[in-house]
Amino acid sequence: MKRRINKVAIIGSGIMGSGIACHFANIGVDVLLLDIIPRELNDKEKAKGLTLEDKVVRNRIVNDALLASIKSKPAPLYHASFKDRITTGNLEDDIAKVKNVDWIMEVVVERLDIKQQVFEKLEKYRTPGTIISSNTSGIPIKFMNQGRSEDFRQHFAVTHFFNPPRYLKLFEVVPGPDCKQEVTDFLMNYGEQFLGKTSVLAKDTPAFIGNRIGIFGIQSLFHQVKELGLTVEEVDKLTGPVIGRPKSATFRTVDVVGLDTLVHVANGIYNNCPNDEAHELFKLPDFINTMMENKWLGSKTGQGFYKKSVSPNGKKEILALDLETLEYRSSQKAKFATLELTKTIDKPIDRFKVLITGKDKAGEFYRKNLAAMFAYVQHRIPEISDELYRIDDAMKAGFGWENGPFEIWDAVGIDKGVELMKAEGKEPAAWVTEMLEKGETSFYTVKDGATFYYDIPAKSQTKKPGQESFIILDNIRKTKEVFKNKGVVVEDLGDGILNVEFQSKMNTIGGDVLAGLNKAVDIAEKDFDGLVVGNQAANFSVGANIGMIFMMAVEQEYDELNMAIKYFQDTMMRMRYSSIPTIAAPHGMALGGGCELSMHADKVVAAAETYIGLVEFGVGVIPGGGGSKEMALRAQDTFHKGDVELNVLQEYFLTIGMAKVATSAYEAFDLGILQKGKDIVVVNKDRQIATAKAHARLLADAGYTQPVRRKDIKVLGKQALGMFLVGTDAMNASHYISEHDQKIANKLAYVMAGGDLSEPTKVTEQYLLDLEREAFLSLCTERKTLERIQHMLKRGKPLRN
C-alpha cells in the first residue's frame, strides 16, 4: 500500500511541538495540534467571566503556544497564511480526532511517565497501521514502548527534529526494536523528499548521533579552554566561519540554545554512557556549575557567556565572561597569526592542513581539538552508527558544520590524524589501523560523480545511498567542466543540460561572471538543449559588487560605466531571449543582481529558504540590471485583471522603493519577484539542481521556442509620474525620507511610469531599459550615493546591487 501523509497530529505545543507543526504546515500538510487543558483560570479569563468549561479556556495553552511560535523570530512559517493549515485542540475534547490522521507525533515534556500516559491515551483512538513517533532527544524506545500493542510497536519510531525545525536540516530516524522496515524506509524518504531534511538513520543510544558528537565537541572545548588559557572570544573566533561553522561558533551558540539545555543532554550522556571512553569529559566543569547556579543560561536569562550592557552615557556594549574570575568585562577582539595564514584559502575544508601547523596558541588548539574529535568519532562506530557518513551528515545538518569530522580527517590526511591523536596519547581504533594497512588512504572517494565511503564491515569503498535524486557539483566540476573563467564554471549536467556556477567571492556578479553567462548561453545554444544557473554555496548571489562602479564614478569614466551597465542589462535579456530554456536556481541570499538574473530566466526553481529582493536603494541607486524595467513590466501584466492600474504600479514601485526582501521563496510570490503558475519552490535544497535540470529538460522537450521581444508594455506616463512625485514630496515633507532618498525615488518613478509621456502608451523593453540605465548613471554621479558606497566599503559590507 502506498503510504501518504495528508494529515498529522502533533501532541504537545511547546517550542518544538509548535515549530514542528508549523513546518508540516509549510509543506502543505493538514495539522492537528493538541495539548493539555489548563487547571485554573488566568486573570483575563476571570475578568471575562469565563469558566474552565469554555472552549477558549480549554484550548488556551495550545493557542497561546502556537501564537508565540508564529510570532517568534526567525519565523517558523514560510508564509503567514500557512498558519491556517493548523487546527488546535486539547487532549480531552479532541483526542479522538487522531483516528483520522496519517501520522501521530508526540512532542511532550521529556519525562518517561508522561510519555507513557500519552501513548496509552493515543492507542485507544489510533487507527491500526498509522505511524506513531516521538521527538524525544534520548529516552530509550524500549521504555516508551512498554505495554503497547504489537501494531503500535511495529509502527513506532523516534523522529528527532532539531530546533528550530524549519531551519535545521537534521531529521534523525530511530526505529524501535519491533518497527517494520517499510516504516523506517518511509520515514527516511519522507524526511528527505517532503520535509526537506537530511534524514539520518540512528541507533537507540543516548543522545543519538547529532547530540552525542556535538555535545562531546562542546564539552571537550569546555575542558580545553582553561588548559590552553583561551578566552570566550578566542574560542568563538577559532570555532566559527574560519572552519566552516556558524558565526555563533561555540559560546554564542550555547547562549542562544540555552546552557540548561546543553547541561541536560550532557548529564544524560554522563549518566547513561558509563562505558564511554570519554565518560569523565561529560562531567561539567566548575565554571559551568557556577553559571547554572547563577542562572546565567544565555539569551533566555539575559546573560550567559556574553551579556548586553548599556553604559551610563547610553552606549551599548557586549560584555564577555572571564572564565577565570567569572566576571563580565568588555569583549576583546581575538587575533591569531595562524588564522592569517588561511586568508587566501577560500574553502574552510582546505584550511585545516594549514591550521594544524600553527606555532601559536591557535595551532595548539586545533591539534588538540581535532585529535580529540577524531579519537572520539572513530569509537562511535558501530555504537551509534554502522556507517561513518551518517555521523558527518548529522553534524552538517544538525549543527551547521560545513564538513563533518571524517571529512575533516580526510582533509588533513588519515595518517596525519593518527599522528595528532598519538601526540595526545590516543590510539587509532582497530578498524582505522586495518584500513590503513589495506592501503586505503581516504574515508571518501568520488567516482563518476558519485560519493563513495569506506564501508567498515565490507572493508571497501561503497557508494553512499540516496544520491540518485541529487547532483553534487563538487563531484562533477572537474570531470564535467565545459568552460571556465575567473568568475564561473560551466558544467555538463547530462541529458543535454548545462549548468553555470558562479565562483566569485560571495557569488557577486562582475565582468567575469557576465562573460561566463554569455559564454554558457553560446555553448548551450550551439550544442545543448537548456541552461541552469545554480550553485551550492551558502548564497546564490549577493548581487553585483559595485566597488568597480564606485571607482568608475569617482574617476568620472561615465562612458565605461554606461557600457558596464548596458552589458549587465544585455546579459539579463540574453537569459530571457535565448533559443534554449534558462532556469535560475536561487537559494540563500539572492539580492540585487542575483534577483534580477532570477527574474529574467524562463523559470525559477527556488529553494524554500531563499531571501530575495531588489535592495539597490540601500546604496543610493535603483536596480540597473533590468530590475526596474521588469517590475514595470510585471505591474502592467496584472493591469488586465481588474485592479486600479495606478494602485498596482504603486505596489511594484514600493517593492523596490522600500528594498523589500522576501524571507522565503513563498513570500517572493507576494512581491511579484516569483510568478505563480511559472516558478516553483523546492523544500530540499540538495535536490534543487537536479530539479532545475529536470525542468530545463521538460521545457526543451515541450518544444521550447525563442520568445519574441516584448513591444506591448503599457506605461502610464504623467498620470503615474504625478502620483509618485506627490507621494515622495509628502514623504520628504513629513521627514520620513531624506532629500537624497526622494531623488532616488523620483528617478525610479520616472522609469516605472515610462517617462513623462502625455498619455498611456505601449513601449518596448529596450525603451524602459534605456530609461533605467540613464537613471542609474545619473545617481552614480550624486555625492550622497558615492558617500554611501564608500561608507559600506569602509565597514567591509558586501555591496549588493
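**A606.** I looked up A606 and found a relative accessible area of 0%, so A606 is buried (buried is under 20% relative accessible area, exposed over 50%, partly exposed in between, with a 1.4 Å probe and protein chains only). A606 sits in strand β21, residues 603–607 (helices, H or I of at least four residues, and strands, E of at least two, are DSSP runs numbered from the N terminus). Not counting residues up to four places away in sequence, A606 touches P586, A665, L674, I680, V681, V682 and Q688 (contact is heavy atoms within 4.5 Å). I also checked A606 against Q503: they are 103 residues apart in sequence and 19 Å apart in space, C-alpha to C-alpha.

**Basis.** This is a predicted model, in which local features need pLDDT of at least 70 and side-chain atom pairs count only at pLDDT 80 or more, while totals for chains, interfaces and linings use all residues. Residues are numbered from 1 along each chain as its sequence is written, and side-chain values use heavy atoms, with hydrogens and water left out.

**Cores.** I looked up the largest nonpolar core, which has 118 residues (a core is a set of buried Ala, Val, Leu, Ile, Met, Phe, Trp, Tyr and Cys residues joined through side-chain atoms within 4.5 Å). The residues with the most contacts inside it are I10, F24, W103, L517, L597 and M752. Leaving aside neighbours within four places in sequence, L597 is in contact with F502, I509, L517, V533, F540, M572, M575 and A584. Another core of 112 residues lies apart from the largest one, and includes I141, I213, M291 and Y306.

**Salt bridges.** I found 54 salt bridges in the structure (a side-chain nitrogen of Lys or Arg within 4 Å of a carboxyl oxygen of Asp or Glu).

- D93 and R58 meet at 2.7 Å, N to O. D93 is in the loop between β3 (86–90) and β4 (103–106), and R58 is in helix α3 (residues 55–58), 35 residues apart. D93 is partly exposed at 44%, whereas R58 is buried at 11%.
- R148 pairs with E123, the closest N and O atoms being 2.7 Å apart. R148 lies in the loop between α6 (141–144) and α7 (150–154) and E123 in helix α5 (residues 112–125), so this pair ties together parts 25 residues apart in sequence. R148 is buried, at 13% relative accessible area.
- D701 and R697 meet at 2.8 Å, N to O. Both are in helix α29 (residues 688–701), about one helical turn apart because four residues separate them. D701 is exposed at 54%, and R697 is partly exposed at 22%.

Salt bridges with shared partners join R39, E53, R58, E92 and D93 into one network.

**Largest cavity.** What lines the largest cavity? I noted A632, Q636, F639, L649, K714, V715, L716 and M752 (on a 1 Å grid over the protein atoms alone, a cavity is a set of points where a 1.4 Å probe fits but cannot get out, a pocket is an open set with protein on both sides within 12 Å along at least five of seven lines, and lining residues have an atom within 4 Å of a point). Its space is about 40 Å³ (the space filled by probe spheres set on the points, which are joined across faces, edges and corners). Both α26 (627–637) and β25 (713–715) supply at least two lining residues.

**Second largest pocket.** I looked up its volume, about 390 Å³. Its lining has 16 residues, of which S137, G138, I139, G268 and N272 lie nearest the centre.
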